[in-house]
Amino acid sequence: MLIPVLVRYEFDLELPTPGSAWNTIAGVTFALVLGFYILTQVTRFPGVRASSYVVPCLTGSFGLVLLVFFFFRLEYARSLFVASFTIGVIWFFVAMLLTRMHIRPTFAVIPFGSVERLQSVTTADFKLLLSPLVPAQVPDALIADFRSDLPAVWEHFIADWVVAGRPAYHAKHAMETLTGRVDIEHLSENSFGSLEPALGYRKIKRVLDIVVALLLLPAFVLLTLVVGIAIAIDSPGPVFFRQERVGYRGRIFRMIKFRTMKHGPAVSSGQREAAMTQAQDPRITRLGRFLRRTRIDEIPQLLNILKGEMSWIGPRPEAKALSGWYEEELPFYRYRHIVRPGITGWAQVNQGHVVEMHEVLGKLHYDFYYIKYFSPWLDAFVAIRTVWIMLRGLGAR
């Protein structure tokens with residue numbers, strides 16, 4: 001903020017009377033603070049490269065300030081505003097990049113209970129403690145299985161560690177934070193904290209879903225005309241594909257998409273194989289591959305959002321034929337229906353499209369993480385990452 005101001009006014013510390021310059025300084029200061037706060041909230045989730053989210057976060061905060069200037073007709077210096085945004089992006093990008101290159105979290109681990117799974121995590125270093133003494137090079141945090149029967153000497157060590165102002169984490173919580181997955185063997189207060197996630201935010205999210213869908217509705221009508229003609233030329237059959245899916249609170253609804261496969265008979269609830277989309281599936285049309293890669297085929301689900309059957313972000317709804325199978329094989333699978341299903345979600349941006357049982361179990365753990373940490377920040381992260389995946393054409397089948 002200061003560099004463009006000093007350059008603009010030739011390092012004269014006596015700025016003009018209140019007006020465009022002071023409005024810009026105040027607006028840019030607010031935008032930088034807000035952008036940094038959003039960046040810290042979004043990048044606290046597992047698997048995040050903070051440098052990749054600098055531009056989206058600062059664009060959002062500076063865009064908000066620009067809207068305030070516009071609606072309240074406040075004067076501002078465009079050159080200062082643009083220069084501050086550019087320098088801010090470069091500053092935060094370099095800072096995040098250097099942090100990622102030179103700082104890698106290190107955890108001390110108490111060798112009792114279920115801590116062996118931590119060795120599978122590659123995004124951090126773990127130092128197994130052989131005695132209850134603080135290492136010479138103090139780690140960033142301590143990890144222990146608080147459910148295990150720890151000897152008294154180790155319990156005293158944990159107490160001294162925490163009293164000294166150092167963080168200590170339960171091994172299960174540490175795994176969730178580092179992997180973005182919630183593995184559960186039984187439902188308990190230690191798994192989710194609450195079986196009714198963020199009721200207040202869920203209502204706000206529903207309003208946001210409707211507002212965004214209404215804003216995009218005119219573009220959807222135009223897109224339907226263009227894509228509909230292209231689908232009709234590419235292969236015979238209807239423009240839209242409808243399929244029964246299991247959604248919010250286990251209710252069955254008909255999800256709508258642009259048709260990307262050759263037209264055929266409807267899939268019954270017992271046809272598992274037909275309900276699965278395999279890699280290089282021969283049923284997918286030439287145009288369908290493009291629509292799937294760009295995610296354009298998902299856009300008609302805007303209508304499902306307006307009807308209250310879906311959200312923009314949430315666990316992906318499964319076909320009725322597959323959902324019944326998964327519920328029989330996977331414990332607590334139905335719990336993912338406690339929130340509205342989404343066009344995109346935490347599991348989609350981390351794992352992509354899966355259908356095999358062992359893969360679906362991993363997807364379920366991602367869904368549980370989303371439900372447990374249900375928040376606007378997690379939704380913002382998923383939204384930004386979805387756009388990035390769409391631009392690169394990744395994860396589609």
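User: Which helix holds I229?
Analyst: This is a predicted model. In it, the helix spanning residues 199-234 includes I229. That helix is α8.

User: Is I229 buried or exposed?
Analyst: The relative accessibility of I229 is 52%. Exposed means over 50%. Because of its 52%, I229 counts as exposed.

User: How far apart in space are I229 and V239, C-alpha to C-alpha?
Analyst: In sequence, I229 and V239 are ten residues apart. In space, their C-alpha to C-alpha distance is 8.3 Å.

User: At what angle do α2 and α3 pack?
Analyst: Helix α2 covers residues 20-42, and helix α3 covers residues 54-71. Their axes lie 8 Å apart. The crossing is right-handed. The angle is about 145°.

User: How many residues of the contact of α2 with α3 are nonpolar?
Analyst: On α2, the contact includes F30, L34 and I38. On α3, it includes L58, F62 and V65. Five residues of this contact are polar, and no charged residue takes part. The nonpolar count is 14.

User: Which helix gives the largest share of the lining of the second largest pocket?
Analyst: This pocket holds about 1000 Å³ of space. Both α4 (78-102) and α6 (171-179) supply at least two lining residues. The largest share is four residues, and it comes from α6.

User: How many residues in the lining of the second largest pocket are charged?
Analyst: The lining has 24 residues, with T43, F45, V48, P105 and T123 nearest the pocket's centre. By class, twelve lining residues are nonpolar and seven are polar. The charged residues number five.

Key:
Residues are numbered from 1 along each chain as its sequence is written. This is a predicted model: local features need pLDDT of at least 70, side-chain atom pairs count only at pLDDT 80 or more; totals for chains, interfaces and linings use all residues. Side-chain values use heavy atoms; hydrogens and water are left out. On a 1 Å grid over the protein atoms alone, a cavity is a set of points where a 1.4 Å probe fits but cannot get out, and a pocket is an open set with protein on both sides within 12 Å along at least five of seven lines; lining residues have an atom within 4 Å of a point. Grid points are joined across faces, edges and corners, and a volume is the space filled by probe spheres set on the points. Ala, Val, Leu, Ile, Met, Phe, Trp, Tyr, Cys and Pro count as nonpolar, Asp, Glu, Lys and Arg as charged, and the others, Gly among them, as polar. Axes are lines fitted to C-alpha atoms, for helices over the stretch in contact, and angles run from 0 to 180 degrees between N-to-C directions. A crossing is left-handed if the near helix is turned anticlockwise from the far one by less than a right angle, and right-handed if clockwise. Contact means heavy atoms within 4.5 Å. Buried means under 20% relative accessible area, exposed over 50%, partly exposed in between (1.4 Å probe, protein chains only).
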